[in-house]
Amino acid sequence: MRLLVVGRLSGQLATAVKMAMAHGAKVQHVERADQATEQLRRGQGADLLMVDYRIDIAALIAANDAERIHVPVVACGVDADAKEAADAIRAGAKEFIPLPPEADLIAAVLSAVADDERPMISADPAMKSVIQLADQVARSEASILITGESGVGKEVMARYLHTHSRRADKAFISVNCAAIPDNLLESELFGHEKGAFTGAVARRIGKFEEADGGTLLLDEISEMDARLQAKLLRAIQERVIDRVGGSKPVPVNIRIIATSNRDLAKSVAEGTFREDLLYRLNVVNLRLPSLRERPGDIAVLADHFVKKYAAANGVPPRAIGAEARRALVGHRWPGNVRELENAMHRAVLLASGSEIDVEAIRLPDGRPLLGGEGASTPAASTYDAGVAGQAAQVADAVTRSFVGQTVAEMEKTLILDTLSHCLGNRTHAATILGISIRTLRNKLNEYADQGTPIPAPQSGVAAAYGAAG
């Protein structure tokens, strides 16, 4: 955990800093908001900003956003009344920590931001064999390619590799290549010099330099533009990068981990991914099996998520009932671990008895899980028979509604309906539609230009009602 404290280091704030350090945080300090933005711009990253509430928090967040720097902020201070604390939250702070600080509150805030509750949990032999291979290669300097369906836990595995590597005490930096537009990704990765392009008001250190000495995760590498692939290949081979607008190469010492939910060999054959880059990234391949391929993990993961979300929502943890366990194991979990996590979060909120029964475990559309797909229980059979008739009627009505529409109109309806079903999650919608995230983004921009409302990604508890991407 890297903590950047912003404000005068008074006695009470200094005490809070010492408590944070006692919980493993690496702390840096500046007095002014502009100094914080400049430090982040120079690549001296932070996982959390702890800011004196008297500083203009809204302006600090806006300055960071202008640089595409997104670091959560918690406000703190001495003698702040309820209105001042509320104003800090409204300005964009995630939390308010009154000073003098309480050790438990400092620990809880650091834990929530660091999200350390993502351990590698497994009981199934199929997954344990992958973890054994990961343990074997973790301390090497080899580039690792982690593959598997969306939601299987590729980033969790990447963090596991980092924490078991010789670089564990250095930074772990993650970049989602699909979430950043092509024209910004180069600067995000390699940084830029002042004046390199319109809006480049100062030098910006990219993720390669920020990760120097540590690990850089390139998430969804398959979505990277071909021109950037060539620049990435040079960075991996030569261990140097070129900032946008720079005049000399910058040496970097990092380990690359990449993830993809696509078949990169197929992408090479289609000409959308460089073969030489694939060889450089795929020194060791860790293929994570889908959850349906490792049913032995379902129960232990469900138990873990119940404990996690019971604590997060301040409710007593309940045991999972026997019928509910059978239903969990019988379900195919197309969204994999992430879908299971969301389902158990819902179950924690919906359960009302002494244990979590099958009625509390719901699918994203609100239907009960029952016996899972393919289950042979009488309840499932009765349910399926009723649903089949309803589905036939709905299908007939939907087919009739398509008559008279153009192909473009049908495509638009399909894309927006799928996005709504995924609660605005672009990655999951693109996976279901079988298109790249870039294609989906271009389509949505086109629809937005036409004045069509686009479903926004949901967050918080509401996001638990849909499978994340």
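Is aspartate 34 buried, partly exposed or exposed? The points below start there.

1. **Basis.** This is a predicted model, in which local features need pLDDT of at least 70, side-chain atom pairs count only at pLDDT 80 or more, and totals for chains, interfaces and linings use all residues. Residues are numbered from 1 along each chain as its sequence is written, and side-chain values use heavy atoms, with hydrogens and water left out.

2. **Aspartate 34 and arginine 32.** Aspartate 34 is partly exposed, at 45% relative accessible area. Buried means under 20%, exposed over 50%, and partly exposed in between, with a 1.4 Å probe and protein chains only. Arginine 32 is also partly exposed, at 46%. The two residues form a salt bridge, with the closest N and O atoms 3.0 Å apart. A salt bridge here is a side-chain nitrogen of Lys or Arg within 4 Å of a carboxyl oxygen of Asp or Glu. The whole structure holds 29 salt bridges.

3. **Glutamate 141 and arginine 166.** This salt bridge has its closest N and O atoms 3.9 Å apart. Glutamate 141 sits in the loop between α6 (125-137) and β6 (144-147), and arginine 166 in the loop between α7 (154-163) and β7 (172-176), so the pair links parts 25 residues apart in sequence. Helices (H or I, at least four residues) and strands (E, at least two) are DSSP runs, numbered from the N terminus. Glutamate 141 is partly exposed at 35%. Arginine 166 is exposed at 52%.

4. **Lysine 207 and glutamate 210.** Here the closest N and O atoms of the salt bridge are 3.6 Å apart. Both residues lie in helix α9 (residues 207-210), three residues apart, about one turn of the helix. Lysine 207 is buried at 16% relative accessible area, and glutamate 210 is buried at 14%. Salt bridges with shared partners join Arg2, Asp47, Glu188, Arg204, Lys207 and Glu210 into one network.

5. **Aromatic pairs.** The whole structure contains two. Rings of Phe, Tyr and Trp (its six-membered ring) pair if their centres lie within 6.5 Å; planes under 30 degrees apart count as stacked, over 60 as edge-to-face and the rest as tilted. Tyrosine 53 and phenylalanine 96 are edge-to-face, 6.1 Å centre to centre with 65° between the planes. Tyrosine 53 lies in the loop between β3 (48-52) and α3 (57-66) and phenylalanine 96 in strand β5 (residues 95-99), so this pair ties together parts 43 residues apart in sequence. Tyrosine 53 is buried at 16%, as is phenylalanine 96 at 12%.

6. **The stacked pair.** Phenylalanine 190 and phenylalanine 208 are stacked, 5.1 Å centre to centre with 15° between the planes. Phenylalanine 190 belongs to helix α8 (residues 182-190) and phenylalanine 208 to helix α9, so parts 18 residues apart in sequence are tied together. Phenylalanine 190 is buried at 1%. Phenylalanine 208 is buried at 1%.

7. **Helices α18 and α19.** Helix α18 (residues 426-433) packs on helix α19 (residues 437-449) at about 105°, with axes 9 Å apart. Axes are lines fitted to C-alpha atoms, for helices over the stretch in contact, and angles run from 0 to 180 degrees between N-to-C directions. The two helices are therefore roughly perpendicular (65 to 115 degrees). Arg426, Thr427, Ala429, Ala430 and Leu433 in α18 meet Ile437, Leu440 and Leu444 in α19, where contact means heavy atoms within 4.5 Å. The contact residues divide into six nonpolar, one polar and one charged. Ala, Val, Leu, Ile, Met, Phe, Trp, Tyr, Cys and Pro count as nonpolar, Asp, Glu, Lys and Arg as charged, and the others, Gly among them, as polar.

Conventions
Angles under 35 degrees count as roughly parallel, over 145 as roughly antiparallel, 65 to 115 as roughly perpendicular and the rest as oblique.
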